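These are my notebook entries on a structure I went through with the sequence alongside. I wrote down what I looked up, in the order in which I looked.

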Amino acid sequence: MAEAALASRTPNALREPWSQLSRQREAATLGMWLFLMSEMLFFGALFMAFSFSRALDPAAFAEAARHAEIAYGAANTAVLVTSSLTITIAVRAADAARGKLAARLLAATATLGVAFLVIKGFEYRDDLRHHLFPGHDFALGRNATQIFWAFYWAMTGVHAIHLTVGVVLVLRLFWLVRRGRMSLASPQLEVTSLYWHLVDAFWIVLFPTLYVAARG
Amino acid sequence: MTDAAAPIDHAEPRSRSVIAGSYLDSEGGGLSEWLLTTDHKRIALLYAVMITAFFFIGGAAATLMRLELVSPAGHFLTDDEYNRVFTLHGIIMVWFFLVPLIPATFGNFFLPLMIGAPDVAFPKLNLMSWYLTLIGGLCVLAALLMGGVDTGWTFYPPYSTAFSNSNVALAVLGVIIAGFGTIATGVNFVATTHTLRAPGMTWFRLPLFVWTVYATSLVMILATPVLAITLMLVAADRLFGLPVFDGFRGGDPLLFQHLFWFYSHPAVYIMILPAMGVVTEIITCFARRRVFGYAMMVYAVLAIAIIGFAVWGHHMFVSGQSVFANLVFSFLSFIVAVPSAIKVFNWTATLYRGQITFEAPMLYALGFVGLFTIGGLTGLFLASVPIDIQVTGTYFVVAHFHYVMVGGAVSAYFAGLHFWWPKITGRLYSEAWARFAAVLMFFGFNFTFFPQFILGYLGMPRRYHTYPAEFQPWNVMSSTGAVVLAAAYALPLFYLVWSCFYGKISPADPWHAKGLEWRTSSPPPKRNFLRTPVVTEEPYDYHDPGAAPQAEARPVDAARLAAVAPRPIGGAHG
């Protein structure tokens, strides 16, 4: 019992089956990059399907895209890009063994992530008020404008799910770092930040695709 | 093969306590020790149990179909029930049996052993993969219990989105969840191969099974996400009414087919590449011969994995895609056959002047080569646009892919099961029964599926349960063959389980095989090797380069003839 308590107070980053931390780091980073490759195809297929459908009826897509609330989208772009900055500094702070600073920046990152979701929620509310959800009371008629909005909800929805996962992961790190339950040398910080950047990068492509370029 | 590896010191004496100190014993045998394990070997066994269960569920559906097809009028099932039965058969067999079949069982068990690693790179993620696959499978079974799905395993819209009155969303959700399990497995295996190879285990000393699992994992990582998002869009239509593929509102149902086959054609290589790896290990061992053209085998595996991403359009020759697209996809489909043919020639060349013996694993492996060749060659028929237009949607297609997936992948699975069974369990099975089952499986398989080539050529469409009377003889033949095949699949269940309790104790290396997995005890200890092995030799070092292979008596024969006689394994390869 005493031993276990001691172990929890002096966290060790090394996990099974590794004998060296540097090797474990290498594997964790490689594993995350492989997963990100997979995610690229996940979103890539979605962007491809969107572009293909847009090419079938560019006029209807342009009309539909003009109803998207670009102010919300632009604000969210700023919020998310800032969050990538804070998590990057958090990782560097951890590398420099400055645990308190790292914890604060992780908290800032999670807060910005939540802020994004809140702004997105307001945008969704406005979209629903304007009857922009495909279906019987859809505002723009029974044509490819519905396809645009189907993609809008699918793409932003999938992105929001990814971001929610990211917020949970960052909050977990925040809690562990703050309580001193995790070694600052753990590869988890870097790996989580990689995931966070990817979710950010998807938004950076998604925002111009849906809000700007499609307007035509 | 190695100088430091042989952990022999601990392997004897072992009379009854064959599993003492092994992975089967060290963590404890309780249910929670198994369900919460992070040992790759135990996880492999969890997968094996799960896919065996799914195999029999999918097989039960196939049995119903063959029973229904005995008579032209179809007495047992209604149209709607028949649709649900073949859909269930397809979904279960593709995603919950064939995709995890070899990578998740032998890949999990032997990838770390073959590269001299104590475990996979991310042991907890490995367990999570199993749970994701299990949860996905339970979703599909729940959809079955709630009345089934009638779309076919391909979920084509607009039927799946706008018309089907069945549990499409739940089944699709199950496939998506299992897909994330597949991606996690792929990430794990690639990272393991990159970072956990033992000292001296260079890339071109890797056993070819490792290469095939590596290439398969890359396909899993890059193809599965496309399936996931595509099926999510189908689910989004069914659950929330988002009409992405709705032609009435300006969407394109064909877009679904492109995305679906962008995954599902590479998925065929997820099934067959590891099967090729298993067969390579076995043929080289039972011919006592180095693999002919090792480097070429590696390049062929990688070429299949890469080119496999560019041939999906051959599933859509009659869909209305452009003639130009048809020509390009036809050409690329012929190209992807070249590396497959290279592998067949290399297996044949490996056998040439080998000291061949015909133990059960070898019988299954040789069966694989023949059946895969037929499956592959008929694939070329289908890659050619005029023939494909003639036989699209007929039993010719059904026969073709069953030759590749069942004659190919499943035969290879049984080959590997018999080859590695002594290593996994530490016991020897009855060789006579195993040989009998192998021959019976080959016979039963051809008996079941060869008539379907003829049926398809004559014009019988797939997915119908009534047909003109002239097709009956071939259908009866196929259904009779299915009985033989079912018996051949059930047999190993008995003699393999029997061997767990009453089988003779296996030595560490019963086949005198090369490869690190044989340089540790049977069954292996929890962390695989007592000392990290150091590799100093080329792979498949069965004979001196340039010299003829020698015949030799194997310890497995001695063990079967005499009573259990533990052998000092350390000197075996001297």
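I worked from a predicted model, in which local features need pLDDT of at least 70 and side-chain atom pairs count only at pLDDT 80 or more, while totals for chains, interfaces and linings use all residues. Residues are numbered from 1 along each chain as its sequence is written, and chains are lettered from A and ligands numbered from 1 in the order in which they are written.

**Entry: Arg197(B)**
I found Arg197(B) in the loop between α8 and α9 of chain B. Leaving aside neighbours within four places in sequence, I noted that Arg197(B) is in contact with Ile115(B) and Gly116(B). For burial I used C-beta atoms placed from the backbone: a residue is buried if 20 or more others lie within 10 Å of its own, exposed if 12 or fewer, and partly exposed in between. Arg197(B) counts as partly exposed because it has 19 C-beta neighbours inside 10 Å.

**Entry: chain A as a whole**
I counted helices (H or I, at least four residues) and strands (E, at least two) as DSSP runs, numbered from the N terminus. On that basis chain A has seven helices and zero strands, and its C-alpha trace spans about 70 × 30 × 30 Å along the principal axes. Of the 216 residues in chain A, 41% are buried.

**Entry: α6(A) against α7(A)**
I looked at helix α6 (residues 145-178) and helix α7 (residues 188-212) of chain A, whose axes come within 10 Å and cross at roughly 160°. The axes are lines fitted to C-alpha atoms, for helices over the stretch in contact, and angles run from 0 to 180 degrees between N-to-C directions. Angles under 35 degrees count as roughly parallel, over 145 as roughly antiparallel, 65 to 115 as roughly perpendicular and the rest as oblique. α6(A) and α7(A) are therefore roughly antiparallel to each other. Among the residues that meet are Leu163(A) and Leu169(A) from α6(A), and Trp196(A) and Phe202(A) from α7(A). I sorted residues by class, with Ala, Val, Leu, Ile, Met, Phe, Trp, Tyr, Cys and Pro as nonpolar, Asp, Glu, Lys and Arg as charged, and the others, Gly among them, as polar. The residues of this contact divide into 14 nonpolar, five polar and no charged.

**Entry: where chain A touches chain B**
The contact takes 33 residues from chain A and 32 residues from chain B. On the chain B side, α9(B) gives the largest share, nine residues, and by class that side has 22 nonpolar, seven polar and three charged residues. I then followed helix α2 (residues 21-56) of chain A, which packs on α8(B) at an angle of about 140°, with the axes 9 Å apart, and the two are therefore oblique to each other. Leu30(A) and Phe35(A) are among the α2(A) residues that meet α8(B), where the partners include Val187(B) and His194(B).

I noted a cis peptide bond between Glu16(A) and Pro17(A), with omega about -5°, and another between Pro157(B) and Pro158(B), with omega about 5°. Ala97(A) has a positive phi of about 65° although it is not a glycine, and it counts as exposed, with 10 C-beta neighbours inside 10 Å. Phe155(B) also has a positive phi, near 50°, but Phe155(B) is buried, with 23 other C-beta atoms within 10 Å.

Key: Contact = placed C-beta atoms within 7 Å.
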